[in-house]
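Please work through the following exercises with the sequence and the model at hand. Each task is followed by a solution in steps.

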Amino acid sequence: MMELAGKRVLIAGGASGIGAAAAAAFREAGASTAIYDIAFQKERIADGHLQLPADLSDSDAVADAFERLRRHWDGLDILINNAGVELVAGLEETTEAAWDRIMDVNLKSVFLCCKAALPMLRASRGCIVNTASQLAFVGAGSFTAYTASKAAVVNFTRSLALETAADGVRVNCICPGAVDTPLLRRQFEGKRGPQGTIGDLIAMHPLGRLGRPEEIASCILFLSSPLASFVTGSAMLADGGYTIH
Ligand SMILES: NC(=O)c1ccc[n+]([C@@H]2O[C@H](COP(=O)([O-])OP(=O)(O)OC[C@H]3O[C@@H](n4cnc5c(N)ncnc54)[C@H](O)[C@@H]3O)[C@@H](O)[C@H]2O)c1
């Protein structure tokens with residue numbers, strides 16, 4: 001039903017968590033995947049799928065990564081911008097370097113990858129899904145830089161959707177609630193996270209549990225598929241009800 005077989009899908013930030021689950025789901029649907037991630041040591045093809053090391057916050061590294069991608073594929077159908085890092089710090093403890101890192105990884109990488117991919121996506125009438133967060137819509141103490149970066153991804157998505165609609169390129173974002181991934185677990189290592197303990201965080205989700213990476217992946221696949229052919233500029237919440245009240 002998703003009609004993703006044969007599609008060329010680039011997942012930026014796909015070595016772990018939500019991105020890795022999305023890559024597996026796309027492959028299961030018959031798509032070819034290429035994954036960019038800072039965690040990879042070297043370029044390699046695993047089971048016919050491409051892995052490319054890249055620091056996506058760096059414009060030279062992104063240019064190089066797209067150059068290497070073009071050696072394998074002559075086009076692109078779907079771009080998933082999923083790389084992200086968290087910062088748990090009160091504003092007065094947030095250094096300029098830490099602020100820049102959050103913005104560079106969570107926001108600038110989206111700009112850089114969209115810019116590099118757009119000519120190919122215009123040619124294929126493809127689509128983009130950016131990973132934002134439910135925290136794009138509500139505040140979270142000691143999470144100021146992170147929430148600001150994710151709110152920016154939402155409006156970046158809306159404006160780019162307007163810019164590309166005439167060429168048939170759809171641009172959407174997925175806004176997960178708390179999902180059980182390494183990024184989430186790091187927030188609670190020996191301390192309270194920005195939303196308290198992990199139990200407090202779970203209690204803020206009316207569905208009463210953390211999300212699973214596969215549950216976000218299925219939303220990403222929906223937004224990437226012809227099932228969502230009339231959906232663009234949207235910010236799809238998959239947050240277990242976190243933002244209902
Ligand atoms: N887990 C959650 O609760 C949650 C909630 C809302 C939004 N998100 C967002 O979902 C996305 C995926 O997060 P996750 O929870 O799966 O975390 P994760 O840490 O498992 O995955 C993030 C991936 O991004 C990669 N990455 C980080 N910096 C990079 C860089 N400079 N260049 C290239 N790759 C880089 C990491 O190596 C990792 O593979 C992030 O954008 C995150 O902000 C997560």
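**Exercise 1. Helix packing**

Determine the handedness of the crossing of α3 and α4, and characterise their packing in this predicted model.

*Solution.* Step 1: the crossing of α3 and α4 is right-handed. Step 2: α3 spans residues 96-124 and α4 residues 144-164; the two pack at about 15°, and their axes lie 9 Å apart. Step 3: angles under 35 degrees count as roughly parallel, so α3 is roughly parallel to α4. Step 4: on the α3 side, the contact includes Trp99, Ile102, Met103, Leu107 and Phe111. On the α4 side, residues such as Tyr146, Val153, Phe156 and Leu160 are among those met. Step 5: by class, the contact residues comprise 15 nonpolar, three polar and three charged.

**Exercise 2. The surroundings of Ala22**

Is Ala22 buried or exposed, and which residues does Ala22 touch beyond four places away in sequence?

*Solution.* Step 1: Ala22 belongs to helix α1, residues 17-28. Step 2: the relative accessible area of Ala22 is 1%; buried means under 20%, so Ala22 is buried. Step 3: leaving out residues up to four places away, Ala22 touches Ile11, Ala217, Ile220 and Leu221. Step 4: Ala22 and Ala217 are 195 residues apart in sequence, yet their C-alpha atoms are 4.4 Å apart.

**Exercise 3. Positive phi angles**

Where do Glu3 and Asp47 lie, and are they buried or exposed?

*Solution.* Step 1: Glu3 is not a glycine, but has a positive phi of about 55°. Glu3 lies in the segment before β1 and, at 59% relative accessibility, counts as exposed. Step 2: Asp47, also not a glycine, has a positive phi of about 55°. Asp47 is in the loop between β3 and β4 and counts as exposed at 76% relative accessibility.

Key:
Residues numbered from 1 in each chain as written. Predicted model: local features only at pLDDT ≥ 70, side-chain atom pairs only at ≥ 80, totals over all residues. Heavy atoms only, no water. Axes fitted to C-alpha atoms, helices over the stretch in contact; angles between N-to-C directions. Helix = DSSP H or I, 4+ residues; strand = E, 2+ residues; numbered from the N terminus. Parallel < 35°, antiparallel > 145°, perpendicular 65-115°, else oblique. Left-handed = near helix turned anticlockwise from the far one by under 90°. Contact = heavy atoms within 4.5 Å. Nonpolar A, V, L, I, M, F, W, Y, C, P; charged D, E, K, R; others polar. Buried < 20%, exposed > 50% of the residue type's maximum accessible area, 1.4 Å probe, protein only.
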